[in-house]
Amino acid sequence: MSGAARQVLPVGAVSTCVHCGCDDLHACAGGCAWARVDRDLGVGVCTCCTDKVMVAHWEKRALYAAEVTRG
Ligand SMILES: [Zn+2]
Ligand SMILES: [Zn+2]
């Protein structure tokens, strides 16, 4: 999907890494950032978890979440 207007998340919503479980409020030890993140779905892959497997997992998770939250 591209070009569609993005929803605004509720205040306090955070995104969670699909691999290590860190989130916006609880970064990995030493710090991390989002390598991939979907703010609408609340899932991402942080810079500690950027191998291909994890990115593929994130993409699947994002697609699954899009199915669940569609509408
Ligand atoms: Zn991570
Ligand atoms: Zn992290």
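Visitor: Which residues does Val 14 touch, not counting residues up to four places away in sequence?
Guide: Val 14 touches Asp 23, Asp 24, Leu 25 and Gly 42. Touching here means contact: the C-beta atoms of the two residues, placed from the backbone, lie within 7 Å. The C-alpha atoms of Val 14 and Asp 24 are separated by 5.6 Å, although these residues are ten apart along the chain.

Visitor: What kind of model is this, and how are residues and chains labelled?
Guide: This is a predicted model, in which local features need pLDDT of at least 70 and side-chain atom pairs count only at pLDDT 80 or more, while totals for chains, interfaces and linings use all residues. Residues are numbered from 1 along each chain as its sequence is written, and chains are lettered from A and ligands numbered from 1 in the order in which they are written.

Visitor: What is the mean pLDDT of the protein?
Guide: The mean is 84, and 82% of the residues reach 70 or more. The term pLDDT stands for the predictor's confidence in each residue, from 0 to 100. Confidence is highest in S1, at 94, and lowest in H1, at a mean of 83. Where pLDDT is low, the predicted coordinates should not be read in detail.

Visitor: How many helices and strands are there?
Guide: The protein has one helix and three strands, and along the sequence they follow the pattern β-β-β-α. Helices (H or I, at least four residues) and strands (E, at least two) are DSSP runs, numbered from the N terminus.

Visitor: In what order do the strands sit in the sheet?
Guide: The order is S1-S3-S2, in an open sheet with mixed pairing. The edge strands are S1 and S2, each of which pairs on one side only. Two strands pair if DSSP finds at least two bridges between them.

Visitor: In which sense do S2 and S3 pair, parallel or antiparallel?
Guide: Strand S2 (residues 34–38) and strand S3 (residues 43–46) pair in the antiparallel sense, over four bridges. Trp 34 stands opposite Cys 46 in S3, and Arg 36 stands opposite Val 45. The two strands form a hairpin with four residues between them, and Gly 42 in the turn has a positive phi of about 75°.

Visitor: And how do S1 and S3 pair, parallel or antiparallel?
Guide: S1 and S3 pair in the parallel sense, over two bridges. Thr 16, which is found in strand S1, stands opposite Val 43 in S3.

Visitor: Why is Thr 16 called partly exposed?
Guide: Thr 16 counts as partly exposed because it has 19 C-beta neighbours inside 10 Å. A residue is buried if 20 or more other C-beta atoms lie within 10 Å of its own, exposed if 12 or fewer, and partly exposed in between, with C-beta atoms placed from the backbone. Val 14 is also partly exposed, with 13 other C-beta atoms within 10 Å.

Visitor: Is Gly 31 buried or exposed?
Guide: Gly 31 counts as exposed, with 10 C-beta neighbours inside 10 Å. Its place is in the loop between strand S1 (16–17) and S2.

Visitor: What percentage of the protein counts as buried?
Guide: Of the 71 residues, 17% count as buried.

Visitor: Which residues make up the largest nonpolar core?
Guide: The ten residues are Cys 17, Val 18, Cys 22, Leu 41, Val 43, Val 45, Cys 46, Cys 49, Trp 58 and Ala 62. S3 and helix H1 (52–69) each supply at least two residues of this core, and S3 gives the largest share, three residues. A nonpolar core is a set of buried Ala, Val, Leu, Ile, Met, Phe, Trp, Tyr and Cys residues joined through C-beta atoms within 7 Å. In soluble globular proteins, nonpolar side chains tend to be buried together.

Visitor: Which way do the residues of S3 point?
Guide: Val 43 and Val 45 point one way from S3, Gly 44 and Cys 46 point the other way, and all are buried. In a regular strand the side chains alternate between the two faces of the sheet.

Visitor: Where does H1 lie?
Guide: H1 lies across S2 and S3, running at about 170° to S3. Axes are lines fitted to C-alpha atoms, for helices over the stretch in contact, and angles run from 0 to 180 degrees between N-to-C directions.
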